[in-house]
Amino acid sequence: ISDSFEDYYGSGFNSDFRDDTGRLTICGGMINITNGILTERIDIRYPVTTKSEVLARNIDARCKEGGFKMEILYDDPPFSWPKDSPVIRMLNDTCNEILGKNYEPYVMGFTYARKLKNAVAYGPGQKDWVKRMPAGFGAAHQPDEYFPIQGLKDAVTVYATVIRKLDADRK
């Protein structure tokens, strides 16, 4: 199990896949032993061009090597909007206008936005923020995750403007 999860990108499962929508991530979750049977749930977010059948075959082969059996509980295929779609252009242009920046749209991992029809993950993370935490602290999804107050203020302004634009387009 340890060797299989040697990194978060699937190399331990011969599945280090990536494309312009991002890089596969695989995360080992809770391990339980019930009636002498060990089970572990894993979360995998994979690039749009990755075929789930290939991924499943690679993981199954690795599991069999270790004497484990794999079972797919559900497969939630990734979805990505084209960067040049009108909605993405509007979101990106609005952000750039308000913040006075020249950001390009990008995909960072795969989010739960794929669970909703016509949803897009649109967040306030900016690569050019000055990090005010020492190395090893403040990373995303950690107990000490850091986010600047100005980033929150900027996000509210951008979101309010975008919501008005989306609502106007709906009418």
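A residue is called buried under 20% relative accessible area, exposed over 50%, and partly exposed in between, with a 1.4 Å probe and protein chains only. This is a predicted model, in which local features need pLDDT of at least 70 and side-chain atom pairs count only at pLDDT 80 or more, while totals for chains, interfaces and linings use all residues. Residues are numbered from 1 along each chain as its sequence is written, and side-chain values use heavy atoms, with hydrogens and water left out.

**Aromatic rings**

Rings of Phe, Tyr and Trp (its six-membered ring) pair if their centres lie within 6.5 Å, and planes under 30 degrees apart count as stacked, over 60 as edge-to-face and the rest as tilted. By this rule the structure holds two aromatic pairs.

| Pair | Centre to centre | Angle between planes | Kind |
|---|---|---|---|
| Phe 5 and Phe 13 | 5.2 Å | 75° | edge-to-face |
| Tyr 122 and Tyr 159 | 6.0 Å | 55° | tilted |

Tyr 122 lies in the loop between helix H2 (86-99) and helix H3 (149-170), and Tyr 159 lies in helix H3, so their pair ties together parts that are 37 residues apart in sequence. Helices here are DSSP runs of H or I with at least four residues, and strands are runs of E with at least two, numbered from the N terminus. Tyr 122 is partly exposed at 25% relative accessibility, and Tyr 159 is also partly exposed, at 32%. In the other pair, Phe 5 is partly exposed, with a relative accessible area of 22%, whereas Phe 13 is buried at 4%.

A charge also sits over a ring, a term that requires NZ of Lys or CZ of Arg within 6 Å of the ring centre and within 35 degrees of the ring normal. Arg 23 lies over the face of Tyr 9, at 3.7 Å from the ring centre.

**Cysteines**

With a disulfide taken as a pair of cysteine sulfur atoms within 2.5 Å, the structure holds zero disulfides. For Cys 27, which is in no disulfide, the nearest cysteine sulfur is that of Cys 63, 15 Å away. Cys 27 counts as partly exposed at 39% relative accessibility, while Cys 95 is buried, with a relative accessible area of 16%.

**Strand E3**

Ile 33 lies in strand E3, which covers residues 25-34. With a relative accessible area of 62%, Ile 33 is exposed.
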